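Here's a short tour for anyone meeting this structure for the first time. Have a look around before reading on.

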Amino acid sequence: MSNAAETPNLMEALVSLAKRRGFIYQSSEIYGGLNGFFDYGPLGVELKRNIRDCWWRDMVQRRDDVVGIETSIIMHPKVWEASGHVAGFTDPLVDCKVSKQRYRADQLFFAAVVVDGKTVGYVSALESEKTEEELRSAAESLKRKKGIQGSLWRIAHTHQVLAGSNVEFWRGGEPRDGFSPIKDFTEATEDQHSLIPSPATGEPGSLTPPRSFNMMFQTNVGAMSDASSVAYLRPETAQGMFVDFKNVVDTTRVKLPFGLAQIGKSFRNEITPRNFIFRSREFEQMEMEYFIHPDADWLACHEEWLKWCQDWLKSIGLPESHLSLHEHPKEKLAFYSRRTVDIMFKYPFGVQELWGIAARSDYDLQQHQKHSGVPHVYFDETTKTKVVPHVIEPAVGVDRIFLAVLASAYAVEDVKDEKGNVEQRTVLRLSPRIAPVKVAVLPLLKNKEALTNRAKALHEKLKRRYAVQYDDGGAIGKRYRRQDEAGTPWCVTIDFETIEKPGDTFTLRERDSMSQRRITEAELFALLEEQVY
């Protein structure tokens with residue numbers, strides 16, 4: 001058996017499965033597609049909805065201190081001026097003047113090629129799980145191309161430690177001690193810009209210095225298209241919650257600490273959308289702003305939400321072995337941030353951010369209070385004073401969770417068919433909480449009316465509460481394989497024992513183990529009640 005981590009070309013396999021089984025399609029595919037935009041098919045939309053619903057139930061409905069809200073995608077443009085997005089929501093952009101390709105400077109990596117302590121050139125590569133390997137290979141090629149003899153210094157990330165090495169690693173700086181550090185293009189000096197080769201051409205001299213590129217999509221509201229009608233598609237859902245903070249406090253009975261939660265679409269004009277749905281230009285966010293008293297223990301609150309988010313990810317089936325934490329160093333935090341920790345996930349293309357938990361202080365409420373002239377305060381009954389709350393923000397993308405779920409659930413394994421022949425099956429080991437189809441109802445034969453009638457009756461009863469499928473096409477083994485590939489946790493087969501023997505039992509086939517047992521209708525509903533929560 002091979003699991004997701006061991007499957008070669010896992011991303012290719014996931015993209016193929018997503019298209020073949022109706023999880024995800026390229027948007028506008030018949031017109032050649034549009035980079036950074038995707039459509040969710042019948043199975044995909046169910047899986048995505050289940051992820052959202054699980055988060056909403058656990059984050060909002062099952063808590064007494066969080067309420068929900070839904071704000072508009074297009075808001076007054078002054079919202080984005082107050083938040084700093086108009087002036088500062090930018091990525092560093094680099095152009096290749098020869099190929100006309102564009103890159104995010106912080107995703108374009110380079111290293112000096114050092115032979116016997118002397119820099120003989122530079123190599124570059126785009127961010128991927130093979131960046132370091134590609135840079136080393138390019139360095140070897142450059143050395144051979146120039147016909148240089150000598151010892152090539154090792155190219156490595158400065159945070160990595162080599163087993164058995166006595167070399168003490170440094171943080172940043174220039175090559176030394178036999179090592180050449182990997183840096184991103186934002187760290188290049190002006191002199192290095194013309195020496196670093198373009199990933200597109202492999203030749204130096206064509207990359208421009210990094211410049212700021214605002215990622216907000218601009219549009220116009222109303223009949224006129226001039227400066228007065230300019231508006232933006234929101235790049236995040238958070239600002240809508242800050243803008244409506246006063247409305248919620250004035251119209252509900254919320255007491256500090258409390259949270260505002262929202263699920264909605266956001267839009268970012270990414271320079272280089274990539275890795276399938278991981279980084280796209282239209283995506284869906286699940287964000288919660290947790291407002292706390294300025295004198296509260298914000299660090300303890302931050303730790304509590306960090307643990308909650310990790311536990312929730314595991315509750316929908318993400319393996320703990322694929323999760324890790326990355327704390328942003330203080331020197332790289334936004335000026336208003338007290339602390340930011342990312343929950344990282346081991347994707348097929350490398351370890352990347354899945355969920356960010358930030359302590360944002362009172363910056364956002366203060367900004368909107370300042371720019372709107374409307375107080376964004378909370379009256380503290382204990383001290384009889386008005387305070388501007390601070391915020392802990394867990395923010396995650398639905399699409400990133402979707403991809404993480406697919407990647408960790410995917411497996412290919414050898415199994416035996418009903419005749420004992422070995423064949424391969426593709427299976428998605430999705431948690432029952434989020435699986436698109438909970439149960440497939442299968443009559444053993446489609447030309448036996450007694451079997452199909454009983455199967456249809458069970459199907460009708462089940463679909464009042466759950467997403468289920470009725471499938472009578474083909475051999476029973478082929479139908480099992482179809483459901484395995486769709487991630488369906490259970491198949492219920494209506495067979496002759498169901499209709500001929502007392503007890504009205506069915507054959508329940510479990511997806512992961514492929515084990516089978518007899519079960520009654522009442523036991524089936526009890527199983528679903530326990531597992532689908």
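## A helix across the sheet

Helix α9 (residues 298-315) lies across β16 (282-292), β17, β18, β19 and β22 (390-397), and runs at about 145° to β19. Contact here means heavy atoms within 4.5 Å. Angles go from 0 to 180 degrees between N-to-C directions, with axes fitted to C-alpha atoms, for helices over the stretch in contact. Helices (H or I, at least four residues) and strands (E, at least two) are DSSP runs, numbered from the N terminus.

This is a predicted model: local features need pLDDT of at least 70, side-chain atom pairs count only at pLDDT 80 or more, and totals for chains, interfaces and linings use all residues. Residues are numbered from 1 along each chain as its sequence is written, and side-chain values use heavy atoms, leaving out hydrogens and water.

## The sheet itself

The strands line up as β4-β15-β16-β22-β19-β18-β17, an open sheet of 7 strands with mixed pairing. At the edges sit β4 and β17 (323-327), each pairing on one side only. Two strands pair if DSSP finds at least two bridges between them.

β18 (residues 339-347) and β19 (residues 350-361) pair in the antiparallel sense over 9 bridges. Y347 has G350 in β19 as its bridge partner.

## Zooming in on V341

Leaving aside residues up to four places away in sequence, V341 touches several others, including H302, L306, L325 and W355. The C-alpha atoms of V341 and W355 are separated by 8.5 Å, with the two residues 14 apart along the chain.
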